[in-house]
There are 4 protein chains.
Amino acid sequence: MNEGARVWLVPDGFIPEESSGSLQSHEAICVLNTSAEEARLSISFYFEDREPVKGVMVVVPPERTRHIRTDGMDGAEIPRGVPYAMRVESSVLVTVQCSRMDTTQPALSLMTAMAYPAEGS
Amino acid sequence: MNEGARVWLVPDGFIPEESSGSLQSHEAICVLNTSAEEARLSISFYFEDREPVKGVMVVVPPERTRHIRTDGMDGAEIPRGVPYAMRVESSVLVTVQCSRMDTTQPALSLMTAMAYPAEGS
Amino acid sequence: MNEGARVWLVPDGFIPEESSGSLQSHEAICVLNTSAEEARLSISFYFEDREPVKGVMVVVPPERTRHIRTDGMDGAEIPRGVPYAMRVESSVLVTVQCSRMDTTQPALSLMTAMAYPAEGS
Amino acid sequence: MNEGARVWLVPDGFIPEESSGSLQSHEAICVLNTSAEEARLSISFYFEDREPVKGVMVVVPPERTRHIRTDGMDGAEIPRGVPYAMRVESSVLVTVQCSRMDTTQPALSLMTAMAYPAEGS
């Protein structure tokens, strides 16, 4: 199948500094690849006051999903407590959603949004 | 009416293992069929490290909604605590939204996103 | 300005039965009318096992927003604890977002999604 | 890169009156500018029962994100506890997402939605 888009944008990234209970505050870029081909992702991270970190590579096999935590990425260390944003470019059409778990205060909170599909790139 | 799309994608699926209080952690695929015809859905589930489970059938009558819990599906057992993703294909145009309730810690949390409409299929 | 869409769909409606603390569990259909004309909305509610309630009328003045609670509507009584869905049709282009506050357990939870814009009507 | 849209709409704005714990209830308009040019934003705020506040200016440098809290804006004082809505117009293509943190009750809650991209303006 040939579904989704090749470029996805997420303006609201933020990994809370604090955690409580057994679950750690974190964010995940969730990717679904319904195609028969491997999706080679190139992820870029944008900040408020420094140069972006571009070209972090992640692979999603055919007919698989991957939920990629942004606090444990090979090739990019995203600081906690700092606003950031994400851009995901893929070699094949995929779908991208970004979710946050915040356990700063006892009792976790979740939020999620489908990323914005940019047709051009 | 002829509204919505025929294929919908949700990358971030996850049924928390733990629950607390009177409400169980769960996810639901919420479908609205505003047409005058029955919508025959074929739902597929994708994982990180195993083959997808495809073709779980669900019917939504004309002018009805159905909120389909993914932890009690006929024809598919989605494990708790494992990242997954969903693809919903419908015989008529429908609208799909996916929501999670997480009661791992005392005090529930909710998140929701409209699914991504894939024009092709 | 001429912005938004005329028909919007929200599959996941649910007004929790329980509340705790000072805030009541509720849902709101939030509408933004940036045009210079009054928006006359016709809202329909769909259920899992009964006929839809159609044609509840609400007006949003020009250059105004309205956050319409679904638990206090003139012309429709939405039961608590029951899955439902919404369809909003407007006389002019508007933008629609739907949010839920759940205070079933002590410590509220919020979720929100932009409604899905249906081009046809 | 040339990605996103020039006009974005967010119907559900609300800054809770109360806060508890160390984090203050707030909302943020999160903007990602992946272009090589400065994005000059003009933000307007709409209310239920008063005239809109238009033309609040904010700049997002090239290849940067900004997470703009609506409770501390130069040129607009958004009252707490009042429904409002937002419209963001940009000189270049950007992507906009709006998020709320609610700490009214002990244990914070988050919600987020991608804004709605209006092609015309």
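Phe45(B) stands opposite Met86(B) in β6(B). This is a predicted model, in which local features need pLDDT of at least 70, side-chain atom pairs count only at pLDDT 80 or more, and totals for chains, interfaces and linings use all residues. Residues are numbered from 1 along each chain as its sequence is written, chains are lettered from A and ligands numbered from 1 in the order in which they are written, and side-chain values use heavy atoms, with hydrogens and water left out.

Start with β6 itself. The strand spans residues 84–102 of chain B. Strands here are DSSP runs (E, at least two residues), numbered from the N terminus. Of the 19 residues in β6(B), 16 are buried, so the strand is largely enclosed by the rest of the structure. Buried means under 20% relative accessible area, with a 1.4 Å probe and protein chains only.

Now take the partners in turn. Two strands pair if DSSP finds at least two bridges between them. Strand β1 (residues 5–13) of chain B runs antiparallel to β6(B), joined by 6 bridges. Here Val7(B) faces Glu89(B) across the pairing, standing opposite that residue of β6(B). Strand β2 (residues 26–33) of chain B is also antiparallel to β6(B), over 7 bridges. In this pairing, Ile29(B) stands opposite Cys98(B). Strand β3 (residues 39–47) of chain B is antiparallel to β6(B) too, with 7 bridges. The Phe45(B) and Met86(B) pair belongs to this part of the picture.

Next comes β7 (residues 109–114) of chain B. This strand and β6(B) pair in the antiparallel sense over 6 bridges. Asp102(B) has Ser109(B) as its bridge partner in β7(B). The two strands form a hairpin with 6 residues between them. In the turn, Ala107(B) has a positive phi of about 100°.

Move to chain D. His26(D) lies in strand β2 (residues 26–33) of that chain. His26(D) is buried, with a relative accessible area of 17%. A polar atom of the His26(D) side chain lies 2.8 Å from the backbone oxygen of Gln24(D). Leaving aside neighbours within four places in sequence, His26(D) is in contact (heavy atoms within 4.5 Å) with Ile15(D), Arg69(D), Asp71(D), Ser99(D), Arg100(D) and Met101(D).

Terms used: Buried means under 20% relative accessible area, exposed over 50%, partly exposed in between (1.4 Å probe, protein chains only). Helices (H or I, at least four residues) and strands (E, at least two) are DSSP runs, numbered from the N terminus. A polar contact is a pair of N or O atoms within 3.5 Å; within protein, one must be able to donate a hydrogen and the other to accept it, and residues adjacent in sequence count only if both atoms are side-chain atoms.
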